[in-house]
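Here is a short briefing for a first look at this model. Keep the sequence and the 3D view side by side while you read.

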Amino acid sequence: MEEKKDFAEEIKTKTEEVKEDIKAKTEEANAKMEDQFEEGVNKSKEVAGKVGTNLSKTIDNTIIAVKEIQKNWDEKVQEYRETSSVLIPIDLVNAKDYYFLQAALAGVSKDNIEIEATENSITIKAVFENIFKNIKSPEGLEPELVIQGLKNGVAKRTIPFANEIKTEEITAKFQDGALFLEIPKVSTEKTKVNID
């Protein structure tokens, strides 16, 4: 009986040891899992932070690029408005030996017109003065422009030609707000080529 009691005590002791061992291993495994979980959470936060930072930088760069495109677009539109509003209207006729050009320069004085010619182009530059040069108003009363439909400022137009022109033989007449140019072409003589 004593042997059974010792044997039971021994089983009980071994069971307690196994329980303690299992409990220790379970606590160790739980602690390890908690550490791994915490490490995973920290890595996720780090990755999310990097993604957020990169996304923020990408959005900022996109906004900057869009603003730059808008600025360039606005500048191009403004350039177009400025040049189209003071573009000199012309008629150009191509005849056999001449080009004939008429430019509408209403309101421009002869002294405010410049013409430059190269071997294959003509540039006309004119200064359109605004209405305020003709207005005399009492001091302190500034006139206000209500409608603006006339050209104002410097206008410049270059007309290219398909043929070379004789720049020294160009004639220009200015009358009734119209500039008329007679532009002789450089004649290129045709030569017959004999075949041997």
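A pocket here is an open set of grid points, on a 1 Å grid, with protein on both sides within 12 Å along at least five of seven lines. The model is predicted.

**The largest pocket**

- Nineteen is the number to look for: 19 residues line the largest pocket.
- Glu129, Asn130, Ile131, Leu150 and Lys151 lie nearest the centre of the pocket.
- The lining divides into 10 nonpolar, six polar and three charged residues.

**The three-stranded sheet**

- Strands S3, S4 and S5 form an open sheet, in the order S3-S4-S5, with antiparallel pairing.
- Its edges are strand S3 (113-118) and strand S5 (153-160), and each of these pairs on one side only.
- From one strand to the next, the twist averages 15°.
- Six bridges hold the antiparallel pair S3 and S4.
- In that pair, Glu116 stands opposite Thr123 of S4.
- The link between S3 and S4 is a hairpin of two residues.
- Strand S4 (residues 121-128) is also joined to S5, antiparallel, by eight bridges.
- Ile122 has Ile159 in S5 as its bridge partner.

**The four-stranded sheet**

- Four strands make up another open sheet, ordered S1-S2-S7-S6 and paired antiparallel.
- Strand S1 (90-94) and S6 are at the edges with a single partner strand each, so one side of each has no neighbour in the sheet.
- Neighbouring strands of this sheet are turned by 10° against each other on average, direction ignored.
- S1 and S2 are antiparallel and share five bridges.
- Asn94 stands opposite Tyr99 in S2.

- Asn94 belongs to strand S1.
- Is Asn94 buried or exposed? Asn94 counts as exposed, because its relative accessibility is 53% and the cut-off for exposed is over 50%.
- Beyond its neighbours within four places in sequence, Asn94 is in contact with Tyr99 and Lys185.
- Asn94 and Lys185 are 91 residues apart in sequence, yet their C-alpha atoms are 9.8 Å apart in space.

**Leu101, in strand S2**

- Leu101 sits in strand S2 (residues 98-104).
- Leu101 is buried, because its relative accessible area is 0% and buried means under 20%.
- Residues up to four places away in sequence set aside, Leu101 touches Ile90, Asp91, Leu92, Ile124, Ile159, Leu179, Phe180, Leu181 and Ile183.
- Among these contacts is Ile159, the bridge partner of Ile122 in S5.
- Lys173 lies 72 residues from Leu101 along the chain, and 11 Å separate their C-alpha atoms.

**Asp176, in a loop**

- Asp176 is in the loop between strand S6 (171-175) and strand S7 (178-184).
- Most residues other than glycine have a negative phi.
- Asp176 counts as exposed, because its relative accessibility is 76%.

Terms used: Residues numbered from 1 in each chain as written. Predicted model: local features only at pLDDT ≥ 70, side-chain atom pairs only at ≥ 80, totals over all residues. Heavy atoms only, no water. Pairing = 2+ DSSP bridges. Axes fitted to C-alpha atoms, helices over the stretch in contact; angles between N-to-C directions. Buried < 20%, exposed > 50% of the residue type's maximum accessible area, 1.4 Å probe, protein only. Contact = heavy atoms within 4.5 Å. 1 Å grid on protein atoms, 1.4 Å probe; cavity = no way out; pocket = protein on both sides within 12 Å on 5 of 7 lines; lining within 4 Å. Nonpolar A, V, L, I, M, F, W, Y, C, P; charged D, E, K, R; others polar.
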